[in-house]
Amino acid sequence: MNQSGLPTPPPSTPTPNPAQSSSSAPSQSSSDVSLASIVATITSAASSPSHLNQYLRNCASKDVREVLLASILPGSQDPLTLLTARDHTLGMLYILSARLHSVASDKPLWHHIESFCRDFIPEHARVAPDRVTLLATGIRQLADVEGNPKLAIAPLSDLLVKYPPTLSHLTTIHPIFVTACVATRHFKSAIPVLTHPITTIDLSLSDLTYQDNLIYHYAGGIAFAALKDWPAAEELFEICASSPGSVASAIQMEALKKLALVQLIYRGKTSPPSKYMHPVLLRLFKATPYSSFMNAYPLQRDYLRTIVENEQQLFTNERTLGLITQALNRAPRWAIKKLTTTYLTLHLSDIGRQVGISDETEVKSLILSMIECSEISAELFADGTVSFSDPPVKFEKSDVDRVLAQAQQQDALLVRLEKEMERNKEYLTKAVKSKDDASWPAMDEDGAFGERPPGTWAEDMTFA
Amino acid sequence: MEIDYIENEVSLSQPPAVQRRRIRPVDDAHPFDLDAYISGYSGRTAFDRLVHIISTCPTLAPQALKLAFAQIEELRDPTLYQTVMNAYDAVADLPEVQLPPTSELCSVNTAWCEEVTKKNQAERTKLEVELKTYSNNMIKESIRMGHRDLGDFYRATGDYIQALKHYTKSREFCSTSQHVLDMCLSVLELVIEQRNYAHISSYVFKAEGALDTASAAATSNTTAGSNSAAQPPKKSAERDQVQSKLDFAMALFHLGQANYEKAAQLFLKIGPPDSLGDWIGKLVAPGDFAVYGTLCALASMSRSAIKSQLTGNAIFSAYIEQEPYVRDLIQSYLSSDFKNVLELLERYSTRHYVDIHMYLHIYDLTNLIRNVAVVLYFQPFQTIRLDRMSTAFGWTVDEVEKEVVALIQSGRIQGRVDSQNKILKARKADHRAELFARAIKTAAEIQSANRKLLLRMRLQQADLVVKPPKRREQDRAVEPLQGD
């Protein structure tokens, strides 16, 4: 095995000979040399991250490269011990990700992974987004293999918080992290990430697929639902269910089912579906027992119960039994809430009749708990009369100011986005074309082309 | 082909309440004068109405049967004997009804039957031969007339499907818009007779189109002539006549679709009786307009609209004269004497249920009028005791409460019931707080919508859209869950 052909520092064309590519393990020395040289290049730190990336990417054919990167230095020295995350982010990233995915090699020690995720330099790592994805999936797999999926959460969380410029950028780490949290029922760990709504998609930052978006929002919805943060769960499920697409995905279908249940729990009724939802989804949804459950909610409790009993198997399989049961348990509350808009006073027995609970003490405790949670404002008298009153409405000046400030912020954001959009090449090509066709004469009056000197449009392309 | 009315009626999807009340009493509390009623109609509709009366009011059935038998001999369709006897037997079979058998009341005139059948056969052959000759000669106008005559013939003998076929066929051979108009009116007569409401609108639209071109052509002709000033009124009178028929047809269409407000507006628009020409009697009686228009208006229109459009409408007042109780109904309504309104509705419910166009909707209309009455009654009050309402409407307190609760829940009454003390209180709205609450809610909603839309836009820009699975492109329903 002649290893002289293998490139040493300045990156040259990888010319792996056939013999080498078949050499996975046989020659210990061959890998040593190359890995050593790679480590040398990494530690030399002479080149910029992008050059180093270029080199690491092309230093050998794919299979060989991964095997090399996953191997260890002679004298069973771990290359990772020679590197630090702060100085050799890219190199460590390559080695870690390769080692995590190779079958034969020793897995890297957890403390390496953890220290890397804690200390790496995000700007360097962004040069190789695919390796970051590999690292993230690798971390989760490793944790699974070790039978302790919880281990993955901390490093993934560090990685995720540091890697994107802001948390509103969607990355491939997002779905991996949140599904890991959900699978291990560590819902709380996901909250700091989930509270940042995703607003930016940058494909150069992360090699995303549409499934990443769907899975992230779906899993996020589950996390919020498990923590009973219904409004947040509703929003995430809705984003998932109404994501764009020419066809509907099964993930979206599941999200729609859960969305309906969350709305029933949180609002007592479902809101009209977003107009961006794929029509096939809604049609399919109508055929499910969820739809009949939704329509009977909250008044026909006996019917609701029969649905749950008959479809128990389905609900268990689809892992919605928990939400269904919660919705079912809350049904009388919504029924009572409806009564408050109709009646001023009612006797407990009347309430019980209306909501289908025959036991008066049960009604009483229900009303009491609703008053305690301030779901209704009511008074309970000794003779069993309940008198409902309007919930007190309080608005502080600060509330109004806060809303106004948010609105202004939103406005500023939209103005900025619109300007960015107007600089967008595709948009301009289209707009100018339509203008030539004289079909959109209003464009000019809108000031879409105001002030900007002509000729700089095409160069002025900062919008990514 | 025989149209079986009994089956027809049963097959119509009726709310259970209507089913239950199909048998209507005729007594002092529910007066109904069959002779006076039926004398307003002639021809086929009189027969149809008698059949309907037989199935609705068993007390009148023998009398109606006799009248129907008499009516049949003026028509040309021997199968009607079977229709009316079927209707009669169906009612006689009901457990709570005791009726003499048909044979005791009157007998089928077999000689007449045979004669008419023979005549019909001969005429059909004649007309078909004529049409064939015309078709061979390719004379457009004659072919049109041939189809029209055959349509008329089939209609008279009760074969509605064939009649419709020939009428619509004749359209292909129409050369002027007047012909199209004639055709549409014939079809309208046919479908109204058949009570096929869903078909009405398309022919009304066609007729209106034809009417527009016809009158446009007429005006252009007259302006070309010298005395253009004198001509238009004449033309427009003719136009009004057709327009009234179309309005009536359209009103029936809306009634058939339970669109009472539109129906009311059109009924109130109908011109004076003579503008409907031979449709009066042949299809409808002037008194019917009063009933249809008033009930639809009371159920759907606001009080001020009723005042201006119903009582201030000279033409419609003429119709109201035909049915004096309708005037009482409107007067009681306008003077907020709702008890009287409801009593009148109950008293004349038999009159309403025997109407062949109205009976499917009477239950709903009565409910609507009752709801409107309760809403109107409560309007001026801040609080009111339910027992006061119960005396005003002649109901028990429980009924009032049920009614009021239903109206609150449907959002028609802004109030709440104090069920313990039986008081209805109007809701005091804090508009300031409401406004703030709504503004803050809207702000939050818009923000969240913005966020979602922006994300959506970004996703589309990055082409992160759901794509069909690569291998199974044809199966576009739902792809298997992937990547989870």
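Is Y353(B) buried or exposed, going by its C-beta neighbours inside 10 Å? Y353(B) counts as buried because it has 23 such neighbours. (A residue is buried if 20 or more other C-beta atoms lie within 10 Å of its own, exposed if 12 or fewer, and partly exposed in between; C-beta atoms are placed from the backbone.)

This is a predicted model: local features need pLDDT of at least 70, side-chain atom pairs count only at pLDDT 80 or more, and totals for chains, interfaces and linings use all residues. Residues are numbered from 1 along each chain as its sequence is written, while chains are lettered from A and ligands numbered from 1 in the order in which they are written.

**View 1. The surroundings of Y353(B).** Y353(B) belongs to helix α21 (residues 349-353) of chain B. (Helices, H or I of at least four residues, and strands, E of at least two, are DSSP runs numbered from the N terminus.) Setting aside neighbours within four places in sequence, Y353(B) contacts R24(B), T56(B), Y359(B) and I362(B). (Contact: C-beta atoms, placed from the backbone, lie within 7 Å.) T56(B) is 297 residues away from Y353(B) along the chain, yet their C-alpha atoms are 7.5 Å apart.

**View 2. Where chain B touches chain A.** Each chain brings 42 residues to the contact. On the chain B side, α24 (397-409), β2 (415-418), α25 (431-461) and β4 (478-479) each give at least two residues. The largest share, 16 residues, comes from α25(B). By class, the chain B side has 20 nonpolar, ten polar and twelve charged residues. (Ala, Val, Leu, Ile, Met, Phe, Trp, Tyr, Cys and Pro count as nonpolar; Asp, Glu, Lys and Arg as charged; the others, Gly among them, as polar.)

View 3. Six strands form an open sheet in the order β5(A)-β6(A)-β4(A)-β2(B)-β3(B)-β1(B), with mixed pairing. (Two strands pair if DSSP finds at least two bridges between them.) β5 (377-380) of chain A and β1 (383-385) of chain B stand at the edges with a single partner strand each, so one side of each has no neighbour in the sheet. Strand β4 (residues 343-347) of chain A runs parallel to β2(B), joined by two bridges. Here Y343(A) stands opposite V417(B).

View 4. Three bridges join β4(A) to strand β6 (residues 385-389) of chain A, and the two run antiparallel. L346(A) has V386(A) as its bridge partner. Helix α20 (residues 321-342) of chain A lies across β4, β5 and β6 of chain A and β2 of chain B, at about 125° to β4(A). (Axes are lines fitted to C-alpha atoms, for helices over the stretch in contact; angles run from 0 to 180 degrees between N-to-C directions.)

How values were computed. Contact = placed C-beta atoms within 7 Å.
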